[in-house]
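Here's a quick briefing on ring pairs, charge pairs and packing. Have the viewer open while you read.

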Amino acid sequence: MITFSLSLIAIILGYFIYGKVIERIFQPDDRPTPAVSKADGVDFMVLPSWKIFMIQFLNIAGTGPIFGAIMGAKFGPVSYLWIVFGCIFAGAVHDYMSGMLSIRHGGANLPDMVGSYLGKRTKQVMLLFSILLLMMVGTVFVYSPAEILTKIWEPHLIKEYIGPNVFWIVIIFIYYIIATMLPIDKIIGRIYPLFAFSLLFMAVALMVVLYAKMPNLPEIWEQFGNMGTERLGMADTIFPCLFITIACGAISGFHATQSPLMARCVKSESQGRPIFYGAMITEGIVALIWATVSMYFFYNDPKPGYETIAMATDGVHSSSPAIVNIICNEWLGVFGGILAMLGVVAAPITSGDTALRSARLIIADFLKMEQHSIKRRLLICIPMFAAVIALLIWQMSDADGFQKIWSWFGWSNQTLSVFTLWTITVYLVYQKKPYIVTLIPALFMTTVCSTFIFISKQAIGLQPTLSYILGGCVCLLSFVIFMIWLNKYKIQSKSK
């Protein structure tokens, strides 16, 4: 618990110290924001800052800081380092800069911002990449909550004659269509703050119980390596797997697709640090709490948590939803069970609908199709939802479909952060500002994502040592290309 306490203090101080540094680098001013200058009553509108924060937090969080932290905690206390340093120096910077950059560019979406700084070809790649990622988010966040709800209740006739999960999949899709189509203040602006509060309340309540229990957990100076290799029989390597597994609690490219949604609702640029940087720090705190709860579940001494917590009737479950349900019900009682349902069911659904909303807006911007009329929104939504349904049907027909989509979603998510970080780095160069704050995270995440492709059995599947060498080569090559470009840019700037 000492490592957890120090990590908690460090991440909070990161907001007040490093967050202020990043804010000074960007230099927000009093220019009119897109919410004011481009107000349309659908996607561009001024919302209260507290509400924007809660929506932003739930948009970027969902179940990410819960499930990712649970799976990442299997590596042991080394996961704390990634959550703290990743969140402060990479994730929160990534979210703040992408949100503020969107404000400065009239509420632009991620592909447009990438195109402005990395070129039209990169924009085209990013356009396809981000839309596929957002549709994968919509797909993976349909099936898992539907499966959980089916275990609670589903109409018998539908389950018998059509199949399990179908009823709840249809209900969730109906909600997706409504939430994606309606103005942002009608559903998202009203129910998201409630779900965000529930997610935060659950995390704080668990933290209180943790300090009441004061479990004997491994500390970072005692167990720095991969504990899962010995205790849980894990085959995954810390690098790069830990940095892919824990995404939303440290850095996630998906966030850069969500920040423009709130950038279109911010009244003043001065609200950027508490909303964008602050929401990511808050997500990091949630991830820290769930990582600690999970380490109690896996590594509490003398007995792991699952040996002292009430067992499920069919044995010990190590899946993330099962751990959430067991912990919340045992530690927080009936009310905790309700919160667990909100965390496991409502949170992914609310991530899915904003993902598809972002996809609609990205497609609309590409086609230069205004979104004020319902008819034009339908022209984009109908084929988009048809594609998501097709992806969902494939997933359900393949026994490993969900796992395959989730694995590629994890890698795609972090790869998206690479594009975003390089975009921000180029922007800072153009503005003659300290670009080192995003260059280092960009190089690190480039190494992580390239190494994962080399080492993952679902991709190339090379030996770890060779994968590390090749990943390092990609990092070096990226740095060399950047320095060549930077040198040319400086020469051109002096000649003007």
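How many aromatic pairs does the structure hold? There are 31 aromatic pairs in it, where rings of Phe, Tyr and Trp (its six-membered ring) pair if their centres lie within 6.5 Å, with planes under 30 degrees apart called stacked, over 60 edge-to-face and the rest tilted. Before going further, note that this is a predicted model, in which local features need pLDDT of at least 70 and side-chain atom pairs count only at pLDDT 80 or more, while totals for chains, interfaces and linings use all residues. Residues are numbered from 1 along each chain as its sequence is written, and side-chain values use heavy atoms, with hydrogens and water left out.

**Aromatic rings**

- A pair of aromatic rings is described by the distance of the centres and the angle of the planes.
- Take Tyr117 and Tyr430: their rings make a tilted pair, 5.8 Å centre to centre with 40° between the planes.
- Tyr117 belongs to helix α7 (residues 110–118) and Tyr430 to helix α19 (residues 401–430), so this pair ties together parts that are 313 residues apart in sequence; helices here are DSSP runs (H or I, at least four residues), numbered from the N terminus.
- Tyr117 counts as buried at 14% relative accessibility, whereas Tyr430 is partly exposed at 32%; the cut-offs are under 20% relative accessible area for buried, over 50% for exposed and partly exposed in between (1.4 Å probe, protein chains only).
- Both tyrosines sit in one aromatic cluster, whose members include Phe26, Tyr96, Trp422 and Trp485.

**Charges over rings**

- The charged end of Arg273 sits over the ring of Tyr15, 4.8 Å from the ring centre; the rule is NZ of Lys or CZ of Arg within 6 Å of the ring centre and within 35 degrees of the ring normal.
- Lys433 does likewise with Phe26, its charged end lying 5.4 Å from the centre of that ring.

**Salt bridges**

- Side chains of opposite charge can pair when their charged atoms come close.
- The count is 10 salt bridges, each being a side-chain nitrogen of Lys or Arg within 4 Å of a carboxyl oxygen of Asp or Glu.
- Arg273 also turns up here, bridging to Glu23 with the closest N and O atoms 3.2 Å apart.
- Since Arg273 lies in helix α15 (residues 272–299) and Glu23 in helix α2 (residues 18–26), the pair ties together parts that are 250 residues apart in sequence.
- Arg273 and Glu23 are both buried.
- Asp43 bridges to Arg357, with 2.9 Å between the closest N and O atoms.
- That pair links distant parts of the chain, with Asp43 in the loop between α3 (34–37) and α4 (49–61) and Arg357 in helix α17 (residues 320–367), 314 residues apart.
- Relative accessibility is 4% for Asp43, which counts as buried, and 0% for Arg357, also buried.
- Arg104 pairs with Glu269, the closest N and O atoms being 2.7 Å apart.
- Arg104 is in helix α6 (residues 78–104) and Glu269 in the loop between α14 (254–263) and α15, so parts 165 residues apart in sequence are tied together.
- Both of these residues, Arg104 and Glu269, are buried.
- Through shared partners, salt bridges join Asp29, Arg31, Arg104 and Glu269 into one network.

- Which residues of α2 are buried? They are Tyr18, Gly19, Ile22, Glu23, Ile25 and Phe26.
- Just after α2, Gln27 takes a positive phi of about 65°.
- Helix α5 (residues 64–72) is mostly covered, with 8 of its 9 residues buried.

**Nonpolar core**

- In soluble globular proteins, nonpolar side chains tend to be buried together.
- The largest nonpolar core has 165 residues, and those touching the most other members are Ile22, Met97, Tyr176, Phe276, Tyr277, Trp290 and Val324; such a core is a set of buried Ala, Val, Leu, Ile, Met, Phe, Trp, Tyr and Cys residues joined through side-chain atoms within 4.5 Å.
- Helix α15 gives the most to this core, with 18 residues.
- Leaving out residues up to four places away in sequence, Phe276 touches several residues, among them Tyr96, Met100, Ile103 and Met262; contact means heavy atoms within 4.5 Å.
- Phe385, in helix α18 (residues 374–397), is buried at 6% relative accessibility.

Note on methods:
Helix = DSSP H or I, 4+ residues; strand = E, 2+ residues; numbered from the N terminus.
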